[in-house]
Amino acid sequence: MAILTWNAELSVHIKSIDAQHQKLIDLINSLQKQISIGMGKDNVAPVLAELLGYIVSHFKYEEKLMSDKGYPEYSAHKKEHAGIAAQVRGLSHTLGSGKPISSPEMSAVIKNCLTQHIMSADKSYSSFLIEKGVK
Ligand SMILES: [Fe+2]
(Lines give C-alpha, C1' and ligand atoms only; values in the text may rest on other atoms or scores of the structure.)
Protein backbone atom coordinates (compact mmCIF):
# COMPACT_ATOMS: atom_id res chain seq x y z
CA MET A 1 0.00 0.00 0.00
CA ALA A 2 1.25 3.43 -0.89
CA ILE A 3 2.37 5.38 2.12
CA LEU A 4 2.38 8.77 0.44
CA THR A 5 0.08 10.25 -2.11
CA TRP A 6 0.47 13.33 -4.22
CA ASN A 7 -1.93 16.13 -3.34
CA ALA A 8 -2.39 19.77 -4.30
CA GLU A 9 -0.91 20.93 -1.00
CA LEU A 10 2.48 19.63 -2.13
CA SER A 11 2.41 21.67 -5.33
CA VAL A 12 5.03 24.38 -5.81
CA HIS A 13 3.10 25.52 -8.92
CA ILE A 14 6.06 24.83 -11.21
CA LYS A 15 5.16 22.01 -13.59
CA SER A 16 8.60 20.45 -14.02
CA ILE A 17 9.30 20.40 -10.29
CA ASP A 18 5.87 19.06 -9.35
CA ALA A 19 6.42 16.20 -11.82
CA GLN A 20 9.80 15.43 -10.24
CA HIS A 21 8.32 15.51 -6.75
CA GLN A 22 5.64 13.06 -7.86
CA LYS A 23 8.30 10.73 -9.21
CA LEU A 24 10.14 11.01 -5.88
CA ILE A 25 6.99 9.99 -4.04
CA ASP A 26 6.60 6.99 -6.38
CA LEU A 27 10.17 5.86 -5.71
CA ILE A 28 9.81 6.26 -1.95
CA ASN A 29 6.59 4.26 -2.05
CA SER A 30 8.30 1.51 -4.05
CA LEU A 31 11.12 1.38 -1.55
CA GLN A 32 8.75 1.28 1.41
CA LYS A 33 6.80 -1.51 -0.27
CA GLN A 34 9.93 -3.61 -0.81
CA ILE A 35 10.92 -3.16 2.81
CA SER A 36 7.45 -3.80 4.25
CA ILE A 37 6.99 -7.09 2.40
CA GLY A 38 10.33 -8.20 3.73
CA MET A 39 12.24 -8.20 0.48
CA GLY A 40 15.91 -8.96 0.95
CA LYS A 41 18.79 -6.58 0.57
CA ASP A 42 19.30 -7.64 -3.05
CA ASN A 43 15.83 -6.41 -3.95
CA VAL A 44 15.82 -3.28 -1.81
CA ALA A 45 19.28 -2.01 -2.76
CA PRO A 46 18.50 -1.25 -6.45
CA VAL A 47 15.35 0.69 -5.50
CA LEU A 48 17.27 2.65 -2.89
CA ALA A 49 20.03 3.34 -5.43
CA GLU A 50 17.45 4.55 -7.93
CA LEU A 51 15.87 6.81 -5.28
CA LEU A 52 19.25 8.25 -4.35
CA GLY A 53 20.15 8.87 -7.98
CA TYR A 54 16.85 10.58 -8.59
CA ILE A 55 17.12 12.71 -5.46
CA VAL A 56 20.58 13.89 -6.50
CA SER A 57 19.53 14.81 -10.05
CA HIS A 58 16.33 16.49 -8.82
CA PHE A 59 18.29 18.57 -6.31
CA LYS A 60 20.72 19.59 -9.05
CA TYR A 61 17.79 20.68 -11.21
CA GLU A 62 16.37 22.85 -8.43
CA GLU A 63 19.78 24.24 -7.52
CA LYS A 64 20.52 25.26 -11.12
CA LEU A 65 17.18 27.06 -11.35
CA MET A 66 17.71 28.85 -8.05
CA SER A 67 21.27 29.79 -8.96
CA ASP A 68 20.38 30.95 -12.49
CA LYS A 69 17.56 33.12 -11.19
CA GLY A 70 19.53 34.57 -8.28
CA TYR A 71 17.36 33.13 -5.52
CA PRO A 72 18.55 34.74 -2.26
CA GLU A 73 18.08 31.57 -0.17
CA TYR A 74 20.09 29.44 -2.58
CA SER A 75 22.90 28.55 -0.18
CA ALA A 76 20.64 27.56 2.68
CA HIS A 77 18.47 25.49 0.35
CA LYS A 78 21.50 23.76 -1.13
CA LYS A 79 22.70 22.93 2.37
CA GLU A 80 19.34 21.36 3.18
CA HIS A 81 19.60 19.26 0.00
CA ALA A 82 23.06 18.07 1.01
CA GLY A 83 21.71 17.00 4.39
CA ILE A 84 18.89 14.97 2.86
CA ALA A 85 21.19 13.34 0.28
CA ALA A 86 23.62 12.41 3.07
CA GLN A 87 20.79 10.82 5.02
CA VAL A 88 19.69 8.69 2.06
CA ARG A 89 23.32 7.80 1.33
CA GLY A 90 23.55 6.70 4.97
CA LEU A 91 20.60 4.35 4.47
CA SER A 92 22.31 2.97 1.39
CA HIS A 93 25.50 2.30 3.34
CA THR A 94 23.56 0.69 6.17
CA LEU A 95 21.90 -1.61 3.70
CA GLY A 96 25.19 -2.31 1.94
CA SER A 97 26.72 -3.38 5.22
CA GLY A 98 24.03 -6.02 5.61
CA LYS A 99 22.01 -4.38 8.38
CA PRO A 100 18.25 -4.10 7.93
CA ILE A 101 16.70 -0.66 7.48
CA SER A 102 14.12 0.05 10.15
CA SER A 103 10.80 1.72 9.48
CA PRO A 104 11.56 4.70 11.75
CA GLU A 105 14.69 5.41 9.68
CA MET A 106 12.63 5.27 6.50
CA SER A 107 9.99 7.53 8.02
CA ALA A 108 12.63 10.09 8.95
CA VAL A 109 13.95 10.21 5.38
CA ILE A 110 10.45 10.48 3.96
CA LYS A 111 9.62 13.25 6.39
CA ASN A 112 12.77 15.17 5.45
CA CYS A 113 12.37 14.59 1.73
CA LEU A 114 8.77 15.56 1.51
CA THR A 115 6.72 16.78 4.42
CA GLN A 116 9.42 19.12 5.67
CA HIS A 117 11.46 20.01 2.62
CA ILE A 118 8.76 20.42 -0.03
CA MET A 119 6.29 22.05 2.33
CA SER A 120 8.77 24.63 3.60
CA ALA A 121 12.01 25.13 1.64
CA ASP A 122 10.60 24.28 -1.80
CA LYS A 123 7.43 26.28 -1.29
CA SER A 124 9.57 29.24 -0.30
CA TYR A 125 11.19 29.52 -3.73
CA SER A 126 7.91 29.04 -5.57
CA SER A 127 6.70 32.62 -5.97
CA PHE A 128 10.25 33.95 -6.53
CA LEU A 129 10.94 31.53 -9.40
CA ILE A 130 7.48 31.95 -10.91
CA GLU A 131 8.00 35.72 -10.94
CA LYS A 132 11.27 35.10 -12.80
CA GLY A 133 9.32 33.22 -15.46
CA VAL A 134 9.95 29.61 -14.40
CA LYS A 135 7.11 27.28 -15.30
FE1 LIG B 1 14.48 21.50 -2.73
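Two residues count as being in contact here when their C-beta atoms, placed from the backbone, lie within 7 Å. Keep that in mind as we walk through this structure, which is a predicted model.

Let's start with T94, a residue in helix α3. Setting aside neighbours within four places in sequence, T94 is in contact with K99 and I101. T94 counts as partly exposed, because 15 C-beta neighbours sit inside 10 Å and a residue needs 20 or more to be called buried. For a sense of scale, T94 and S16 are 78 residues apart in sequence, and their C-alpha atoms are 32 Å apart in space.

Now compare that with a pair involving L31. L31 and I110 are 79 residues apart in sequence, yet C-alpha to C-alpha they are 11 Å apart. L31 belongs to helix α1, which covers residues 15-36. Is L31 buried or exposed? L31 is buried, because 24 other C-beta atoms lie within 10 Å. Leaving out residues up to four places away in sequence, L31 touches V44, V47, L48 and L51.

Some of those names come back when we turn to the core. The largest nonpolar core has 13 residues, and the ones touching the most other members are L24, I28, L31, L48, L51 and V88. Helices α1, α2 (41-68), α3 (74-96) and α4 (103-131) each supply at least two residues of this core. The largest share comes from α1, with five residues.

Next, how the helices pack. Two packed helices are described by the angle between their axes and the distance between the axes. For α2 and α3, the axes come within 10 Å and cross at roughly 170°. An angle over 145 degrees counts as roughly antiparallel, so α2 and α3 are roughly antiparallel to each other. And what sort of residues make up the contact of α2 with α3? By class, there are 16 nonpolar, four polar and four charged residues.

One last stop is H13, in the segment before α1. Its phi is near 65°, a positive value in a residue other than glycine. H13 is partly exposed, because it has 14 other C-beta atoms within 10 Å, a count that falls between the cut-offs of 12 or fewer for exposed and 20 or more for buried.

Conventions:
Residues are numbered from 1 along each chain as its sequence is written. This is a predicted model: local features need pLDDT of at least 70, side-chain atom pairs count only at pLDDT 80 or more; totals for chains, interfaces and linings use all residues. Helices (H or I, at least four residues) and strands (E, at least two) are DSSP runs, numbered from the N terminus. A nonpolar core is a set of buried Ala, Val, Leu, Ile, Met, Phe, Trp, Tyr and Cys residues joined through C-beta atoms within 7 Å. Axes are lines fitted to C-alpha atoms, for helices over the stretch in contact, and angles run from 0 to 180 degrees between N-to-C directions. Angles under 35 degrees count as roughly parallel, over 145 as roughly antiparallel, 65 to 115 as roughly perpendicular and the rest as oblique. Ala, Val, Leu, Ile, Met, Phe, Trp, Tyr, Cys and Pro count as nonpolar, Asp, Glu, Lys and Arg as charged, and the others, Gly among them, as polar.
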